[in-house]
Amino acid sequence: MFSELFEKYNWSEISEDILNKKSSDVELLLKRKESSPNTECNIEDFKKLISPAATPFLERMAQLSRNLTLKRFGKTMQMYIPLYLSNECQNICTYCGFSLDNK
């Protein structure tokens with residue numbers, strides 16, 4: 001269960017660890033990602049990227065993200081747009097006003 005997993009961690013320690021990251025940590029990570037963009041990030045890398053020390057590198061991170069997105073997906077955009085032809089539906093979607101069980 002999620003709550004059990006959540007409670008396994010000491011969130012004050014994790015928070016302190018994130019706040020203690022240095023800009024040099026972020027710089028080294030970004031250099032590594034720029035030289036080999038297909039390398040996976042681990043939890044420590046994620047902590048560096050969300051730390052306050054990463055603030056000056058936001059534009060650089062955005063460019064890395066854009067390059068990776070273009071490499072993986074190209075210049076495509078996918079959208080899901082349902083087309084409702086009536087106010088009756090056979091599905092039971094909890095978020096939808098047209099749901100079968102919505103009286």
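Reply: Let's start with a definition: a residue is buried under 20% relative accessible area, exposed over 50%, and partly exposed in between, using a 1.4 Å probe and protein chains only. Asp45, at 3% relative accessibility, therefore counts as buried. This is a predicted model, in which local features need pLDDT of at least 70 and side-chain atom pairs count only at pLDDT 80 or more, while totals for chains, interfaces and linings use all residues. Residues are numbered from 1 along each chain as its sequence is written, and side-chain values use heavy atoms, with hydrogens and water left out.

Me: Thanks! Which residue forms a salt bridge with Asp45?

Reply: The general idea is that a salt bridge is a side-chain nitrogen of Lys or Arg within 4 Å of a carboxyl oxygen of Asp or Glu. Here the partner of Asp45 is Arg32, and the closest N and O atoms are 2.7 Å apart. This pair links distant parts of the chain, with Arg32 in helix α3 and Asp45 in helix α4, 13 residues apart. Arg32 has 34% relative accessibility, so this residue counts as partly exposed.

Me: How are those helices assigned?

Reply: They are DSSP runs numbered from the N terminus: H or I of at least four residues for helices, and E of at least two for strands.

Me: Back to charges, then. How many salt bridges does the structure hold?

Reply: There are 7 salt bridges in the structure. One of its salt bridges is with Asp17, where the closest N and O atoms are 3.4 Å apart. Another is with Glu44, with a closest N and O distance of 3.0 Å.

Me: Is Lys21 buried or exposed?

Reply: Lys21 counts as buried because its relative accessibility is 13%. Its two partners fall in the middle class: Asp17 is partly exposed at 25%, and Glu44 is partly exposed at 31%.

Me: Which residues are joined into one network?

Reply: Salt bridges that share partners join Asp17, Lys21, Glu44 and Lys47 into one network.

Me: Let's turn to nonpolar residues. Which of them make up the largest nonpolar core?

Reply: A nonpolar core is a set of buried Ala, Val, Leu, Ile, Met, Phe, Trp, Tyr and Cys residues joined through side-chain atoms within 4.5 Å. The largest one here has 7 residues in all: Val26, Leu30, Ala53, Ala54, Phe57, Met61 and Leu64. Helices α3 (23-35) and α5 (58-73) are the elements that give two or more residues to this core.

Me: What does Val26 touch?

Reply: Contact means heavy atoms within 4.5 Å. Not counting residues up to four places away in sequence, Val26 touches Lys48, Ser51, Ala53, Ala54 and Phe57.

Me: And which residues form a nonpolar patch on the surface?

Reply: Patches take residues with over 30% relative accessible area and no salt bridge, joining like charges within 9 Å and nonpolar side chains (Val, Leu, Ile, Met, Phe, Trp, Tyr) within 5 Å. Accessible areas come from the Shrake-Rupley method with a 1.4 Å probe, and for residues only the protein chains shown count as cover. In this structure, Phe2, Leu5, Phe6, Tyr9 and Trp11 form a nonpolar surface patch with about 560 Å² of accessible area together. Helix α1 (residues 2-7) gives the most to this patch, with 3 residues.

Me: How many aromatic pairs does a search of the whole structure find?

Reply: Rings of Phe, Tyr and Trp (its six-membered ring) pair if their centres lie within 6.5 Å; planes under 30 degrees apart count as stacked, over 60 as edge-to-face, and the rest as tilted. The search finds 3 aromatic pairs. One of them is the tilted pair of Phe2 and Phe6, at 5.9 Å centre to centre and 35° between the planes. Phe2 and Phe6 are separated by about one helical turn, because they are 4 residues apart in helix α1. Phe2 counts as exposed at 62% relative accessibility, whereas Phe6 is partly exposed at 41%. Tyr9 and Trp11 also form a tilted pair, with 5.6 Å between centres and 50° between the planes. Together, Phe2, Phe6, Tyr9 and Trp11 form one aromatic cluster.
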